[in-house]
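The following briefing goes through the structure shown below, topic by topic. It takes the overall build and confidence first and then turns to the contacts between parts.

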Amino acid sequence: MWDEYLFPASVEEALEMLEAHGGEARIIAGGTDLVLQSQRGQRRAKVMVDITRIPGLDLIEERDGLIYIGAQVTHGQIAASPLICSRAGVLAEACGSVGGPQIRNVGTLVGNVVNALPAADGAIALFALDAEAEIAERRGRRWTPITNLYAGVGLCTVDPCFAMITQLRFRAFGRGEAGAFERLAKRRALVLPILNTAVTVRLDGGKVERARIAIGPVAPTPFVAAEATEALVGQTPDEDSISQAAKVAAQTAQPRDSLLRGSADYRKAMVEVLVRRALKRAVEAASLPEGKDANP
Amino acid sequence: MPTLRMTLNGQEVTVDVEPGDLLAHVLRDKLGLIGTKISCGEGECGACTVLVDGKSVDSCIYPALKAQGREVVTIEGLGQDNRLDPIQQAFVDKTAPQCGYCIPGMVISAKALLDEKPHPTRKEIEEGISGNLCRCTGYYQIIEAIELARERLAEKGGRG
């Protein structure tokens with residue numbers, strides 16, 4: 001399948017390995033997607049550069065109100081993290097719904113981003129959290145918004161044959177803030193979603209001060225429902241305003257007819273249901289005294 | 001050819017592997033441990049589940065070299081001297097297997113769950129085996145077997 005399997009001891013060494021192979025080497029983390037893609041010839045590489053033994057990339061931590069998640073952190077670790085559950089519960093919910101336990105034990109959230117599928121549960125939550133990713137290239141490191149990482153279905157703007165994402169970061173929920181994740185699928189585990197949505201809200205003085213609604217897969221990249229958010233901001237978050245925002249989300253989402261996922265009409269109708277449910281739960285949780293998450 | 005060194009069912013083993021070998025194939029074809037089954041071959045069904053450092057993984061999509069220096073447990077590593085592990089015995093007593101093909105993976109997933117969480121609720125048991133498909137049983141006897149194992153292990157106090 002590939003000719004060499006390497007374990008660099010540092011990010012710099014990983015980048016050197018990539019450079020030395022001039023595009024024929026590729027970063028691998030958990031490999032839960034990449035192994036299959038390699039077997040099917042969808043993503044080719046002669047050399048795999050496994051970053052799961054580089055010290056320092058395994059952290060989940062909060063610094064100055066920001067939560068950082070390293071490139072080795074698995075979906076399972078995020079779903080079980082007390083920090084993520086209490087300060088970014090929407091991400092714990094999303095990561096906990098990926099695959100089954102065996103996939104969550106190995107697959108990483110950063111890998112989920114690099115794989116760039118518009119249905120990826122973890123990535124949808126990162127869009128709702130307005131996350132950023134740190135990219136390491138030979139010329140240095142830089143932070144970029146998650147929205148800049150997606151160029152199309154399966155196309156990440158960070159090419160893992162030349163660069164890598166070392167960590168993610170986003171603001172931890174504070175007082176009056178919460179999120180929620182909802183997912184529609186044929187069964188509760190091991191299947192890709194028909195639809196998923198992640199929302200975050202911040203309430204202030206009984207009004208919605210800020211909100212963010214991400215939906216997948218209704219476009220080639222995760223969809224941020226900006227008009228729905230605008231409909232909600234400044235409003236009292238009651239039954240009416242939430243229902244209205246969910247309606248707008250459904251109007252602006254563009255799901256395709258899909259043999260796998262159902263008709264466009266059905267999925268549009270379900271966008272409204274999922275967004276309404278997620279907003280309700282997020283608003284409820286944000287109304288709690290301590291800005292807790294919406295974990296059930 | 002790279003050399004893979006790991007602890008396998010408590011024993012140090014050394015085996016030459018191709019860089020692209022997957023753990024399930026190394027276990028079955030190079031080490032003769034055919035208790036680990038390959039069914040879907042793409043990480044969907046859990047028949048190939050083994051433990052790596054105590055965590056359940058789908059060995060059919062797990063690059064073998066990732067196990068370098070790790071502790072791997074397969075179904076052959078459970079029980080001793082012809083005595084079944086309490087989880088295996090509970091599967092027998094509850095008649096959990098029908099065709100049996102998914103069962104090694106089910107037992108390993110049950111072990112991962114009970115090692116980490118000795119007193120799982122029924123819902124936690126369902127979630128614990130949610131990465132394992134069974135096309136025969138409808139899962140009920142398997143869930144009951146894990147509940148029985150939970151009770152027996154708690155009685156023994158070994159994990160509780």
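## Briefing on the two chains

In chain A, buried residues make up 53% of the 296 residues. The model is a predicted one, and the predictor gives the complex an ipTM of 0.96 and a pTM of 0.95. For chain B the pLDDT averages 96, and 98% of the residues score at least 70.

**Overall build of chain A**

- The secondary structure of chain A comes to eleven helices and 14 strands, and the C-alpha atoms of the chain fill a box of roughly 60 × 45 × 35 Å when taken along the principal axes.
- The radius of gyration of chain A is 19 Å, which agrees with the value near 19 Å that a compact globule of 296 residues would have.
- Among the contacts in chain A with a separation of 6 or more, 65% are accounted for by residues 24 or more positions apart.

**The two domains of chain A**

- Chain A is divided into domain 1, covering 1-172, and domain 2, covering 177-286, and the C-alpha centres of these two domains lie 25 Å apart.
- Where the domains of chain A meet, 21 residues of domain 1 are in contact with 23 residues of domain 2.
- On the side of domain 1 of chain A that touches domain 2, helix H5 (89-95), helix H8 (121-128) and strand S8 (150-152) of chain A each supply at least two residues, and the largest share, six residues, comes from H8(A).
- By class, that side of domain 1 of chain A has 13 nonpolar, five polar and three charged residues.

**The two domains of chain B**

- Chain B is likewise divided into domain 1, here 3-76, and domain 2, here 86-156, with 21 Å separating the centres of the two when taken over C-alpha atoms.
- The contact between the domains of chain B takes 15 residues from domain 1 and 13 residues from domain 2.
- On the side of domain 1 of chain B that touches domain 2, the elements that give two or more residues are strand S3 (49-52) and strand S4 (55-58) of chain B, and S3(B) gives the most, with three residues.
- The residues on that side of domain 1 of chain B divide into six nonpolar, seven polar and two charged.

**Strand pairing around S3(B)**

- S3(B) and S4(B) run antiparallel and are joined by four bridges, with Val50(B) standing opposite Val57(B) in S4(B).

**Where chain B meets chain A**

- Between the chains, 21 residues of chain B are in contact with 20 residues of chain A.
- By class, the side of chain B that touches chain A has seven nonpolar, nine polar and five charged residues.
- Val106(A) is found in the loop between helix H6 (101-104) and helix H7 (109-115) of chain A, and, leaving aside residues up to four places away in sequence, Val106(A) touches Gly30(A), Thr32(A) and Thr74(A) as well as Val57(B) and Tyr62(B).
- Val106(A) counts as buried because 27 other C-beta atoms lie within 10 Å, where the cut-off for a buried residue is 20 or more.
- Although Val106(A) and Thr32(A) are 74 residues apart along the chain, their C-alpha atoms are separated by 7.0 Å.

**Helix H2 of chain B**

- In helix H2 (residues 86-93) of chain B, the buried residues are Pro86(B), Ile87(B), Gln88(B), Ala90(B) and Phe91(B).
- The buried residues of H2(B) pack against helix H3 (103-116) and helix H5 (140-156) of chain B.
- H2(B) is followed by Thr95(B), whose phi is positive, near 50 degrees.

Methods. Residues are numbered from 1 along each chain as its sequence is written. Chains are lettered from A and ligands numbered from 1 in the order in which they are written. This is a predicted model: local features need pLDDT of at least 70, side-chain atom pairs count only at pLDDT 80 or more; totals for chains, interfaces and linings use all residues. Domain bounds come from an automatic or database domain assignment. Two residues are in contact if their C-beta atoms, placed from the backbone, lie within 7 Å. Ala, Val, Leu, Ile, Met, Phe, Trp, Tyr, Cys and Pro count as nonpolar, Asp, Glu, Lys and Arg as charged, and the others, Gly among them, as polar. Two strands pair if DSSP finds at least two bridges between them. pLDDT is the predictor's confidence in each residue, from 0 to 100. The radius of gyration is taken over C-alpha atoms; the globule rule is 2.2 Å times the number of residues to the power 0.38. A residue is buried if 20 or more other C-beta atoms lie within 10 Å of its own, exposed if 12 or fewer, and partly exposed in between; C-beta atoms are placed from the backbone.
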